[in-house]
Amino acid sequence: MNIEKKLAMLEETLELEEGDLKPEMVLADIEEYNSMAKLALIVLMSDEFDKKLTSDQIKTFVTVQDILDYMG
Amino acid sequence: MEVKIISTGDPFVLISIIPASWDGSRSEREHEAGIHLLKVAMEMLGILMPGIEYDIFGKPFFKDDIGYYFSITHSLEYVACAISKQEIGCDIEKIRKVPSGLDNELEKVRYLTTVSDIKSPLSRTIVWTAYEAIAKCLGFGIPLGTCDVQKYVWDIKTHQVCEDYILSIALKNRNSVSGSR
């Protein structure tokens, strides 16, 4: 899966518009990156990537790129 | 900081708008506003506020056992604080579209709310805030385990604090017994 596809999935998960996210963006600066988005991210990783993302792992994500890297 | 009383008695609930003029980052202002609101609430209740500590999950609690629990929540411009003699969690959210991917998670707690379905943004936000309030009360973080929810007896109180914000409060019954539901 290419980076554009991953970003699109992430934007959909965070209820953002296409093109809103950039890999270098800091998650703490993204208003929509709240607890609801984090849970949606856990579900996304499970459903689409067959990965069991934990709350502790989410805490280690600093930038959008960290999430993209986790997607593999 | 102008304060509005949402609920008197137990739980005692206050809400306020986070002053945009305060110094610091958004998260710093949210934290400061939450602590300030807690102090105001404790003053209103006539209780001397003890120090605050944080458990290993980052959940704040009173350093001394004074027989009260509290929970603080913020969302965009609002901050709310709830105090009770029962273990408590609260969550405030702007009414919004909750992702459909969370339907299974919402269904874990929907039966505890007044909501009969999770079709509209309002009903979905009500259930989501209940979910978050329970998660905050338990202190384990998300996602919630079905067993963790059903292990206790919950009292969920929901308030529409203004046109587009929902506040839910989860009280864990002190007499909850494992397997009681």
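1. Start with the buried residues of helix H1 of chain B. In this predicted model, they are Arg29(B), Glu30(B), Ala33(B), Gly34(B), Ile35(B), Leu37(B), Leu38(B), Val40(B), Ala41(B) and Met42(B). An α-helix has 3.6 residues a turn, so residues three or four places apart point the same way.

2. Next, the dimensions of that helix. H1(B) runs over residues 26-45, 20 residues in total. Its first and last C-alpha atoms are 28 Å apart, close to the 28 Å expected at 1.5 Å a residue. Just past the helix sits Gly46(B), with a positive phi of about 70°.

3. Chain A has its own H1, at residues 3-13. Its buried residues are Lys6(A), Leu7(A), Met9(A), Leu10(A), Glu11(A) and Thr13(A). The cover over them includes H2 and helix H4 (64-71) of chain A. At the start of the helix, Asn2(A) brings a side-chain oxygen to within 3.2 Å of the backbone nitrogen of Glu4(A). Just after the helix comes Glu15(A), whose phi is positive at about 60°.

4. Now the interface. How much area is buried between chain A and chain B? The figure is about 1300 Å², with carbon and sulfur atoms giving 61% of it. On the side of chain A, Glu15(A), Met36(A) and Leu39(A) supply 48% of the area buried against chain B, more than any other three residues. The contact involves 14 residues of chain A and 17 residues of chain B.

5. Polar links across the interface can be listed briefly. Two residue pairs are in polar contact between the chains, both at pLDDT 80 or more. On the side of chain A that touches chain B, helix H2 (35-49) and helix H3 (55-60) each give two or more residues. H2(A) has the largest share, seven residues. By type, the residues on this side of chain A are six nonpolar, four polar and four charged.

6. Two salt bridges cross between chain A and chain B. One charged pair to inspect is Glu31(A) with Arg26(B), a salt bridge at 3.9 Å, N to O. Glu31(A) and Arg26(B) also belong to a salt-bridge network with Glu30(B). Glu30(B) is one of the buried residues of H1(B).

7. Is Glu105(B) buried or exposed? Glu105(B) has a relative accessible area of 11%, so it counts as buried. Its contacts, leaving out residues up to four places away in sequence, are Leu39(A), Tyr131(B), Pro143(B) and Leu144(B). Leu39(A) is also one of the three residues that supply 48% of the area chain A buries against chain B.

8. Some backbone features deserve a check. Most residues other than glycine have a negative phi, and most peptide bonds are trans. Glu15(A) has a positive phi near 60°. Glu15(A) sits in the loop between H1 and H2 of chain A and is partly exposed, at 30% relative accessible area. Leu76(B) also has a positive phi, about 50°. Leu76(B) lies in the loop between E5 and E6 of chain B and counts as partly exposed at 35%. The peptide bond between Asp10(B) and Pro11(B) is cis, with omega about 10°. Pro11(B) is in the loop between E1 and E2 of chain B.

9. Over all chains, the whole structure has nine salt bridges. One of them pairs Glu87(B) with Lys172(B) at 3.4 Å, N to O. This pair links strand E7 (residues 87-94) to strand E9 (residues 165-172) of chain B, 85 residues apart. Glu87(B) is partly exposed at 26%, whereas Lys172(B) is buried at 11%.

10. Another salt bridge joins Arg124(B) and Asp103(B), with the closest N and O atoms 2.6 Å apart. Arg124(B) is in helix H3 (residues 121-138) and Asp103(B) in helix H2 of chain B, so the pair ties together parts 21 residues apart in sequence. Arg124(B) is buried at 9%; Asp103(B) is partly exposed at 28%.

11. A further salt bridge links Lys157(B) and Asp155(B), 3.2 Å from N to O. Both ends count as partly exposed: Lys157(B) at 29%, and Asp155(B) at 33%.

Note on methods: Residues are numbered from 1 along each chain as its sequence is written. Chains are lettered from A and ligands numbered from 1 in the order in which they are written. Side-chain values use heavy atoms; hydrogens and water are left out. Helices (H or I, at least four residues) and strands (E, at least two) are DSSP runs, numbered from the N terminus. The expected span of a helix is 1.5 Å times one less than its number of residues. Buried means under 20% relative accessible area, exposed over 50%, partly exposed in between (1.4 Å probe, protein chains only). Contact means heavy atoms within 4.5 Å. Buried area is the accessible area (1.4 Å probe) that two parts lose on being put together, summed over both. A salt bridge is a side-chain nitrogen of Lys or Arg within 4 Å of a carboxyl oxygen of Asp or Glu. A polar contact is a pair of N or O atoms within 3.5 Å; within protein, one must be able to donate a hydrogen and the other to accept it, and residues adjacent in sequence count only if both atoms are side-chain atoms. Ala, Val, Leu, Ile, Met, Phe, Trp, Tyr, Cys and Pro count as nonpolar, Asp, Glu, Lys and Arg as charged, and the others, Gly among them, as polar.
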